[in-house]
Each structure stands twice: as structure tokens, then as C-alpha cells.
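Subject: Structure handover

Hello,

Here is the structure for you to look over.

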Amino acid sequence: MTRDSASASASTPEILRYTAFSADPEGGNPAGVVLDASGLDEERMLAVAAELGYSESAFLTERTGEGAYTIRYFSPKAEVPFCGHATVATAIALAERDGPGALEFTTAAGTVPVSVVRDGGELRATLTSVAPHVTGIDAADLTEALAALAWAAADLDPALPPRIAYAGARHLVLAAGTRERLADLDYDFARLEALMHRLDLTTLQLVWREGPDVFHVRDPFPVGGVVEDPATGAAAAAFGAYARELGLVPEAAVLTLHQGADMGRPGTLTVELRTGDARIRVSGTGTRIG
């Protein structure tokens, strides 16, 4: 091996592929995971994410302590401040290498603790979000969002009003009045992307309420270069904050979010709200792909 080829080999990281929020490799949301990205610059991380084509990939750029890391997330088009499913995927990859336990990730949005436990034969990761907040949306922006989706105002569930929710990234929450409306997703990619850039949105969190604590969700993600995100931990955390802020659920509650079935990649996200703690906990299983 020549010196140049040895150097190239050393600079090529091991790229793992995991799915999050499902124990089935064919379910949940795939993510690329690089456990040692210390030698990669932004351009190379973005290239890896684009080559993989997943909605996001995660890169551990520095180990800052026992079980503590700096982490960065890239979609195929841009860096994002926080990604829940890639966090879960990375935590499970670390647990397979080092064993279950407590982790701490320093993200662009803040510090995100994660715990990983073995539940039967599966690993389950629980992330704790940064402090969330919920704000309204301007009527003109809501009208534009509905137009991009080809939804009518009458398609919305009046019991779950539109809001922008944040728990590490911003998401517009829109509730469909029927499961059929949620299932029929065919939107104007460029139009929705332009609105999302203007409002600094990571995804739209489209929801349908099946029961008091059970929801079905979908997440258009044109700003990331993909039509839809199959299972979205950051949006799940934001939705937990939304549901509590609007009094849709008790202050302490456990919510089940089903996502990905309409894409053929079913996954389940568990969202926990605790009394006296504004942060949201999102948990799920995961497994290596291939």
C-alpha cells in the first residue's frame, strides 16, 4: 500500500447503518452513524450524508468524557441542529459496542442525555430533549402551508390547533381531521420547502388522533432533500410539548406515536411527559441494518 492510499484509508470513517424506532431493519427510520468523525470536516460529513441518502446521519466528532460526545447531524442537503432518530440510532450503536448505560450528547441545540437499556432481547434508547417551547403561526403562513399540502382548512381537526413547536428543532404541527386525510400526502415540494426555509422549520408534524394518548404522524421533510421522514424523534419531542401546552393530555403522560406505516416502514415512538420537568423524553428500539 502506498503512503497516499494508506492516508486515504485512514481518513475514511466506518459508516454504520441503523434504523431507529423499530426492531425490524425494514421498519423505522434509517440513519447513518459514524462513531469516530474526528477527522471529518463539514464538507465530508455532508457528502457522507448525501451519499447515504437517509433523512439524517449522525457524526460523533469528539469524545468529551465517559459516555459523553459531541454530535453533529446532516441531512443530504444541510446540517440540522438536532435529530432524534439519529440520536437513538447512535446510542444503540454505542450500546452494542460498549454496553447499555447512560450517555450525553452535546448538540447544536444543547445537551441531550440518553439512556440505553436492554429490554428482553432488544435495546431501547430514551433521549431527554432540551427545554421546549410552543408558539403560534401567522394566519398567512398557515394558509400557505395548507396550500402547499393541498389541504383545505376544513381538513384540520379543530380540537388540535396549528402551532409551531420546538424541542431542539422547529416543527409546524398540523392535525388532520381523519386518518384518510393523513394518509393522502401529495404536496408541492418546492412550495413547502420555500415556506419551511422562511419559517426555519425542520419538518411539518402532521398528526391524526386515534385515541386519548395514541397518535399517527407523518413528517414532510423537503428542506432535508427527502419527501418524508419515516420516524421523527425531534418532532415527537416537539409534539409532546405541544400536547401538554394545549392541555390535550395530562401534565404527566405517556403517548404512543405511530409513524412510517404509510411509507411501508412502520415504527413506534414513545413520548413521556413528567410532572415538574418541561423536557420531553422520547424512546424507541433500534437495530443495525445489514
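Helices (H or I, at least four residues) and strands (E, at least two) are DSSP runs, numbered from the N terminus. This is a predicted model, in which local features need pLDDT of at least 70, side-chain atom pairs count only at pLDDT 80 or more, and totals for chains, interfaces and linings use all residues. Residue numbers start from 1 along each chain as its sequence is written, and side-chain values use heavy atoms, with hydrogens and water left out.

Strand β12 (residues 203-211) contains Gln 205. Buried means under 20% relative accessible area, exposed over 50%, and partly exposed in between (1.4 Å probe, protein chains only). Gln 205 has 0% relative accessibility, so it counts as buried. Contact means heavy atoms within 4.5 Å. Leaving out residues up to four places away in sequence, Gln 205 touches His 171, Leu 172, Val 173, Leu 174, Val 217, Arg 218, Asp 219, Ala 235, Ala 236, Phe 239 and Leu 257.

Helix α7

Ala 235, Ala 236 and Phe 239 are among the buried residues of α7. Burial covers 12 of the 13 residues in this helix. The expected span of a helix is 1.5 Å times one less than its number of residues. For α7 (residues 233-245) that gives 18 Å, and the end C-alpha atoms are 18 Å apart, so the two agree. Gly 247 follows α7, with a positive phi near 70°.

Helix α2

Which residues of helix α2 (residues 42-52) are buried? They are Met 45, Val 48, Ala 49 and Leu 52. Viewed down the axis of α2, the buried residues fall within an arc of 95°, so they line one face of the helix. The arc is taken from the directions from the helix axis to the C-beta atoms. An α-helix has 3.6 residues a turn, so residues three or four places apart point the same way. The buried residues of α2 pack against β1 (16-20), β2 (29-34), β3 (56-65) and β4 (68-74). Glu 43 and Glu 51 are exposed on the other side of α2. Gly 53 follows α2, with a positive phi near 80°.

Pocket and cavities

The search ran on a 1 Å grid over the protein atoms alone. A cavity is a set of points where a 1.4 Å probe fits but cannot get out; a pocket is an open set with protein on both sides within 12 Å along at least five of seven lines; lining residues have an atom within 4 Å of a point. Grid points are joined across faces, edges and corners, and a volume is the space filled by probe spheres set on the points.

The largest pocket holds about 220 Å³. Its lining has 15 residues, with Val 80, Pro 81, Asp 200, Leu 201 and Thr 202 nearest the centre. β5 (79-80) and α6 (189-199) each give at least two residues to that lining.

There are 2 cavities of 30 Å³ or more. The largest cavity has a volume of about 50 Å³. Among the residues lining the largest cavity are Glu 56, Cys 83, His 171, Thr 202, Asp 229 and Gly 233. The second largest cavity has about 30 Å³ of space. Arg 179, His 216, Val 217, His 258, Gln 259, Gly 260, Ala 261 and Asp 262 line the second largest cavity. β13 (214-221) and β15 (253-259) are the elements that give two or more residues to this lining.

Best wishes
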